[in-house]
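Here is a short report on one protein chain.

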Amino acid sequence: MMSENVLRAARYPFLPETREFVSRNIDLSLESLEKTGSEAALKRAVERVKNALIFKEVKVTALDELNYVREMLSFPIAIILVSMIMNEYVRRMYALGESRGAYRRMLNESDETLLYIGEKMGVGGVLDDENTIRVKIPTYLKLAYSFHAPHWKLVNRAVNNGYVSMGKTEYARLIQVEVNNYVYEKTLEPVPAGAVPDSFRRAVDEIVEVWGRLETGKASRVPLREREDTPPCIGRIIRRMENGENASHFERLVVATFMIARSRSIDEIIEFFSKQPDYKYSVTKYQVEHLAGIRGGGKKYSVPSCRTMLTNGLCYPDEYCKGIKHPLRYGEKNVAGEPRVP
Ligand code: SF4
């Protein structure tokens, strides 16, 4: 009978035991992969990457777990495919999709399994008498630094004897960060071009085609970062966010208010924010509608002034910024066909 450990290895293919299983039982050389009936694993690997690009989450069903050899093998193959594409956005989206899927699955695990995964991923963590999980402060700071909600700040946490206490959900969130980092690092490893089988190249073409279709769908309007009335400070944040980088709370506010001011629809703005690692549809929708004045007291928030941007270390002026006090004034003269330099 299939052991629970094997199912767990298929459910979390980034764990060391999965790597051990694969290296013990399967010849992972690229030439061999093409010959030894890895077609199903390759197909599943393509599905993993497509899931990440389309749904921003790699789902693993009970049936996938039962096909455990295919499932375990599909993970390193997916990493090879993403490495071959050599695109930063695809790398980040794949890492995000794998880590998000793992996070959702971890929420259904027992304390024992969750602690096991945390330990294997280097997060550590011990269950105390009050049924909360404690993590060492340096580990907590390393993993939680990119979270912007106030409850993640160390000053707002219960800290005791060098440990930070948290519930299961928050602990799973920390592990998600580590999974994201692990997967992303793996996709940076170069794949020797000559050693790649043709079936892998075809798989890469299939993924690139899907990705191209997604990008074309989004490009029906001129991307804000390319519009000449987008100031360099905001274009810079937009570019980073497009690459899936985690923006600060203030940076998100700047971009959301700017998009609202440029008449982008609420749906477009939510879609843009969906690339953020901690994206949640309902939270994003609420916040964007709040900034647009659709909720709350009906107050519409404006884009912060140049002075506020400067104070927050986000002002990166170019020659067209001379004399302006507000990012929305950037490019006004240029749009009207007049020279922009004052
Ligand atoms: S001067 Fe204003 S518009 Fe220009 S980069 Fe700085 S904050 Fe942005």
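Is V60 buried or exposed? V60 counts as buried, because its relative accessibility is 13% and the cut-off for buried is under 20%. The model behind this value is predicted.

**The chain as a whole**

The secondary structure comes to 17 helices and four strands. The chain has 342 residues, and buried residues make up 47% of them. Take the contacts between residues at least 6 apart in sequence: 70% of these join residues at least 24 apart.

**V60, a loop residue**

V60 sits in the loop between helix 4 (39-55) and helix 5 (62-66). Residues up to four places away in sequence aside, V60 touches A10, R11, R44, R48, E65, E71 and R105. One of these partners, R105, is 45 residues from V60 along the chain, and the two C-alpha atoms are separated by 8.5 Å.

**S83, a helix residue**

S83 belongs to helix 6 (residues 68-85). S83 has 7% relative accessibility, so it counts as buried. Which backbone oxygens lie 2.8 Å and 3.2 Å from a polar atom of the S83 side chain? The backbone oxygen of I79 is at 2.8 Å. The backbone oxygen of T187 is at 3.2 Å.

Most residues other than glycine have a negative phi. N161 has a positive value, and S263 has a positive value too. Both are loop residues: N161 lies between strand 3 (159-160) and strand 4 (163-166), and S263 lies between helix 13 and helix 14 (266-273). The table sets out the values.

| Residue | Phi | Relative accessible area |
|---|---|---|
| N161 | near 50° | 69% |
| S263 | near 65° | 55% |

N161 is exposed because its relative accessible area, 69%, is over the 50% cut-off. S263 is exposed as well, with a value of 55%.

**The largest pocket**

The largest pocket has a volume of about 1,000 Å³. It is lined by 35 residues, and the closest to its centre are R252, D278, K280, V283 and Q287. Which elements give two or more residues to this lining? They are helix 7 (88-106), helix 10 (168-187), helix 13 (249-261) and helix 15 (281-291). Helix 15 supplies the largest share, seven residues. By class, the lining of the largest pocket holds 17 nonpolar, nine polar and nine charged residues.

**The ligand shell**

Which residues surround the ligand? They are P231, P232, C233, C306, M309, C315, Y316, P317, C321, I324 and P327. Two elements give two or more residues to this shell: helix 12 (232-242) and helix 16 (306-311). The lining of the largest pocket, in turn, includes nine charged residues.

Notes: Residues are numbered from 1 along each chain as its sequence is written. This is a predicted model: local features need pLDDT of at least 70, side-chain atom pairs count only at pLDDT 80 or more; totals for chains, interfaces and linings use all residues. Side-chain values use heavy atoms; hydrogens and water are left out. On a 1 Å grid over the protein atoms alone, a cavity is a set of points where a 1.4 Å probe fits but cannot get out, and a pocket is an open set with protein on both sides within 12 Å along at least five of seven lines; lining residues have an atom within 4 Å of a point. Grid points are joined across faces, edges and corners, and a volume is the space filled by probe spheres set on the points. Ala, Val, Leu, Ile, Met, Phe, Trp, Tyr, Cys and Pro count as nonpolar, Asp, Glu, Lys and Arg as charged, and the others, Gly among them, as polar. A residue is near a molecule or strand if one of its heavy atoms lies within 4 Å of it. Buried means under 20% relative accessible area, exposed over 50%, partly exposed in between (1.4 Å probe, protein chains only). A polar contact is a pair of N or O atoms within 3.5 Å; within protein, one must be able to donate a hydrogen and the other to accept it, and residues adjacent in sequence count only if both atoms are side-chain atoms. Contact means heavy atoms within 4.5 Å.
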